Each structure stands twice: as structure tokens, then as C-alpha cells.
Amino acid sequence: MTHAASSRRFQAFSLGVLAFTLVVILWGAFVRATGSGAGCGDHWPVCNGEVIPREPSVQTLIEYTHRLTSGLVMILALALYVWARRGHAKGHPVRSAAAWALFFMVTEALVGAGIVLLKYVADNASVGRALWMGVHLVNTFLLVGAQTLVIWFARGRAALSLRGQGLPGALMGLSILGLLVLGVSGAIAALGDTLFPSTTLAEGLRQDVSETAHILIRLRVLHPLIAVGMGAFLVVASRWVARLRPSEDVRRAASAITVLYAVQLGAGVTNLLLLAPVWMQLVHLLLADFVWMSVVVMCASGLAADAPRLVAETAPASSAEPV
């Protein structure tokens, strides 16, 4: 069942909320990459015990700016939810997508608060911090995915149908799960690069294979291996989904996944060769978000209730005529 498209203003607003959310996410990565997470101490939501810090350091300004923008994007997510509820009829998928977007925005703030209060910032190299970074990445992806679905459904797209999807459904589910695993490995690798920077590529490679190296260094070598394997799977899976769910939306999403992932792999290699400079880490993260959004769109279009199916999938089996 299709639903009426949202107003142009709502569509523009939902797109703006997603764009601003991506900016806040990148600024959060900048906070981690520059070691500014302790800029407000272990206080939350205040900064060093003050609502407005006086005579702040550069690190305090970086962290405080992140908190201000995070608060603003929370207000925008709430406004998006209220508008979705009031501007759409009951049963419209925009309403549920906006509700999930607000939910993950709240959990995003709670995870961020937990990281600060538990002092998983600055030079903390504990396994606990790596676990929280993984949780943070998963929640961020789910938040971006929910906001992407708000935009998708605002264009009048059909709601999702999860039952009876067979092989395409399995491929799309594995694509989502695989990207979450890849994202977690990337978050851990980025943390290792921040805490244990290398002066040369050769030094970094020696650290990766050293048995005495910190666990975060030994774990970061997994990320490029997972990235290559996941890239191959995504290309094959997206093409299969495009064949079994032959709609223009699925084909476009599959093409976008192939192109973006190729660019993302190139950015990953560049990041490695340049020894993970801050600006390249941010580019790498933004591309990862774009790949994730493309996969979400592929799943939304492939799982749509009105998505076309391959004829062989829907045609009833013919009974053999007796000889």
C-alpha cells in the first residue's frame, strides 16, 4: 500500500535534519581524533561544572561545541517527530520512522553521556572504551538509517513488508548486519590510530603484527580484511537483489553501493598510507555513512510492499502433464 507524499516543507526539513546530524557525527569524530573528549572533564551535561565554561581551552571549546550542536540536533529530531505525527495520517510509515529516529537520537545522547561519565575519553585505552565505541557506532548507524527512512517515506514510498522475502530478504539482512560489524571494526581501528599513532607506515605494520602490542593495535588489522570481504559481498548481494526485485529504485541503490564502496575502499587505503590524519578519518567516516544510507535505501525499496518480483519467483509451479 502506497501513502501520500509529505509536503515539500517536511521533505526539505527532514533532509536538513539528516544533513545536520551528519555534521554533528563528524564533529564527534573530530572530538575523538583530537583527544578533546575530556575537554569538559567528567561532567555531563554541564562542562567542567559550568553551564558556560569560562576561559575555556581549545579542547574545551571543541567538546563544548559538540555538546551544543548535539543538543540542537536533539531539538530538531523532536520537531521532526512532532511534525510527522501531526502532518501525516495514522498508519503512514513516516510516523514510525520519525519515532525511531527520535528514539535513536535519545540513545545516542545517553551513550555519549556514558562515555564521558565513565571517562572513556582522551588517553583511555581500555577494552571497555573500545566496546562503548562499538555501541556508539551501531547506534549512530541506526540513527542515520532511521532518518534516511523518514526522507524515503516522505516521498510517498510504500511501507516495508518483511514476510516472505526469501533470498532477497536474507541478502539484505546480511548486508545490514555485515555493515554494522564493519562499522564496529572501523571504530576500533580509528580509536587505535588515535591512541597509538605511527610515524611511518612500516612502523604501523610492525605494531599490527607484534605479539606485545596493545590489543587495540592488534585488532585494527582486522578492519581492512573485513572491509575487502564485505565489499565483495555487498557488490554481489546488491546485484542479486536488483535482479530479484527489479525496480528502478533498487537498481539505482545497487549502483550507488558499488560506486560508493569503491570510493570508500580507496579512501581507506589513502587513510592507511597517510597514517590516518584527522581530515582523512572524517572523510572515511562520511563515506561510510553514505554507503550505509545507500544500503538502507536498497533495503527500503527491495522490501517495499509494492516492490516488483522476478517472474520466476511469483509464478505458480506448473503441474506436469501425464504421458
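1. A quick definition before we start: contact here means heavy atoms within 4.5 Å. Bear in mind, too, that this is a predicted model. With that in hand, have a look at Phe-10: leaving aside residues up to four places away in sequence, Phe-10 touches Leu-80, Trp-83, Ala-84, His-88, Val-94, Val-150 and Ala-154.

2. Phe-10 also features in the largest nonpolar core, which has 50 residues. Phe-10, Val-144, Leu-179, Leu-234, Tyr-261, Trp-292 and Met-298 are the members that touch the most other members. Two or more residues come from each of several helices, including α1 (8-33), α2 (58-87), α5 (166-195) and α9 (248-273). The largest share belongs to α10, with 11 residues. Both domain 1 (1-157) and domain 2 (160-307) supply at least three residues to this core.

3. Now to the cysteines. The structure holds 1 disulfide, formed by Cys-40 and Cys-47 with their sulfur atoms 2.0 Å apart. The angle about the S-S bond is -85 degrees, making the link left-handed. Both Cys-40 and Cys-47 are buried. Cys-299 has a relative accessible area of 9%, so Cys-299 counts as buried because the cut-off is under 20%.

4. On to charged pairs: the model has 8 salt bridges. One of them joins the side chains of Lys-119 and Asp-42, at 3.6 Å from N to O. Lys-119 sits in the loop between α3 and α4 and Asp-42 in the loop between α1 and α2, so this pair ties together parts 77 residues apart in sequence. Lys-119 is partly exposed at 48% relative accessibility, and Asp-42 is partly exposed at 34%.

5. Asp-249 and Arg-157 form another salt bridge, with their closest N and O atoms 3.0 Å apart. Because Asp-249 is in helix α9 and Arg-157 in the loop between α4 and α5, the pair ties together parts 92 residues apart in sequence. Asp-249 is buried at 17% relative accessible area, whereas Arg-157 is partly exposed at 26%. Together with Glu-248, Arg-251 and Arg-252, Asp-249 and Arg-157 are linked in a network of salt bridges.

6. Finally, Arg-220 forms a salt bridge with Asp-193, the closest N and O atoms being 3.1 Å apart. Arg-220 belongs to helix α7 (residues 215-220) and Asp-193 to helix α5, so parts 27 residues apart in sequence are tied together. Arg-220 is buried, with a relative accessible area of 8%, while Asp-193 is partly exposed at 24%.

Terms used:
Residues numbered from 1 in each chain as written. Predicted model: local features only at pLDDT ≥ 70, side-chain atom pairs only at ≥ 80, totals over all residues. Heavy atoms only, no water. Disulfide = S-S within 2.5 Å. Buried < 20%, exposed > 50% of the residue type's maximum accessible area, 1.4 Å probe, protein only. Core = buried A, V, L, I, M, F, W, Y, C linked by side-chain atoms within 4.5 Å. Helix = DSSP H or I, 4+ residues; strand = E, 2+ residues; numbered from the N terminus. Domains from an automatic or database assignment. Salt bridge = Lys/Arg side-chain N within 4 Å of Asp/Glu carboxyl O.
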